[in-house]
Amino acid sequence: MRLTTRGRYAVTALLDLALQTSQQDSAVSLSDIAKRQSISISYLEQLFSKLRKRGLVTSIRGAAGGYYLAKPLNEIDVMSIISAVDESVNAMQCEGRGDCQGGTMCLTHDLWCALSNHIEQYLKNITLAQLLDMENVQSVSERQHTSTKEVSIKDINTITLSNSEANPA
């Protein structure tokens, strides 16, 4: 089984969106998620297009635009997020076809099939609400939020210095 960055980033981005919407009433921009999670905006746009089509997020256009979760936190499970971006958690080399060994079923087919089912069931039983309650989620979120504020302050100081250098008194 290999969960690619597409699935990981989708879960990370929706957890970030859940954290932000629990702290503010306004829509969350992809650029804010991109800064906090170090994911490119263009990649997030692709992911959120799929998430929107699957009814997991809604978007608002305009100056105050951005995204909201389309369902309550306890109704969005990790497996639905992964599936929405066309990922799977299938551990079978044959992807369930039973042709893993020269066109026939391999000796360990049932083992990998059972593992795939367990992983899928586990992820179906973990919701965004449960992730928000996990031990490290809040502290990591606070660290990320603080570090993006520090970057913004450094950017403002750089702009201020640049302007004062350009217009000496």
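Biologist: How many helices and how many strands does the secondary structure of the protein come to?

Modeller: This is a predicted model, in which local features need pLDDT of at least 70, side-chain atom pairs count only at pLDDT 80 or more, and totals for chains, interfaces and linings use all residues. Residues are numbered from 1 along each chain as its sequence is written, and side-chain values use heavy atoms, with hydrogens and water left out. Helices are DSSP runs of H or I with at least four residues, strands are runs of E with at least two, and both are numbered from the N terminus. The protein comes to seven helices and two strands.

Biologist: Which pattern does the protein follow along the sequence?

Modeller: The protein has seven helices and two strands. Read along the sequence, they follow the pattern α-α-α-β-β-α-α-α-α.

Biologist: What percentage of contacts between residues at least 6 apart in sequence join residues at least 24 apart?

Modeller: A contact means heavy atoms within 4.5 Å. Among contacts in the protein between residues at least 6 apart in sequence, the share that joins residues at least 24 apart is 67%.

Biologist: What percentage of the 169 residues is buried?

Modeller: Buried means under 20% relative accessible area, exposed means over 50%, and partly exposed lies in between, using a 1.4 Å probe and protein chains only. Of the 169 residues in the protein, the buried share is 34%.

Biologist: How many disulfides does the count come to?

Modeller: A disulfide is a pair of cysteine sulfur atoms within 2.5 Å. For Cys106, the nearest cysteine sulfur is that of Cys100, 3.3 Å away, and Cys106 is in no disulfide. The count of disulfides comes to zero.

Biologist: Is Cys106 buried or exposed?

Modeller: The relative accessible area of Cys106 is 19%, and that of Cys113 is 26%. Cys113 is therefore partly exposed, whereas Cys106 is buried.

Biologist: How many salt bridges does the structure hold?

Modeller: Side chains of opposite charge can pair when their charged atoms come close. A salt bridge is a side-chain nitrogen of Lys or Arg within 4 Å of a carboxyl oxygen of Asp or Glu. One of them joins Arg97 and Asp99, the closest N and O atoms being 3.3 Å apart. The number of salt bridges is six.

Biologist: Which residue meets Lys50 in a salt bridge of 2.9 Å, N to O?

Modeller: Lys50 lies in helix α3 and its partner in the loop between α4 and α5, so the pair ties together parts that are 36 residues apart in sequence. Lys50 is partly exposed because its relative accessibility is 27%. The partner of Lys50 is Asp86.

Biologist: Which residues do salt bridges that share partners join into one network?

Modeller: Arg54 forms a salt bridge with Asp86, the closest N and O atoms being 3.9 Å apart. That pair links distant parts of the chain, with Arg54 in the loop between α3 and β1 (57-60) and Asp86 in the loop between α4 and α5, 32 residues apart. Asp86 also meets Lys50 in a salt bridge. The network consists of Lys50, Arg54 and Asp86.

Biologist: What value is phi of Asp86 near?

Modeller: Asp86 is in the loop between α4 (78-84) and α5. At 46% relative accessibility, Asp86 counts as partly exposed. Its phi is positive in a residue other than glycine, near 65°.

Biologist: Where is Ser38, a residue with phi near 55°?

Modeller: Phi of Ser38 is a positive value in a residue other than glycine. Ser38 is exposed because its relative accessible area is 64%. Ser38 is found in the loop between α2 (30-37) and α3 (41-53).
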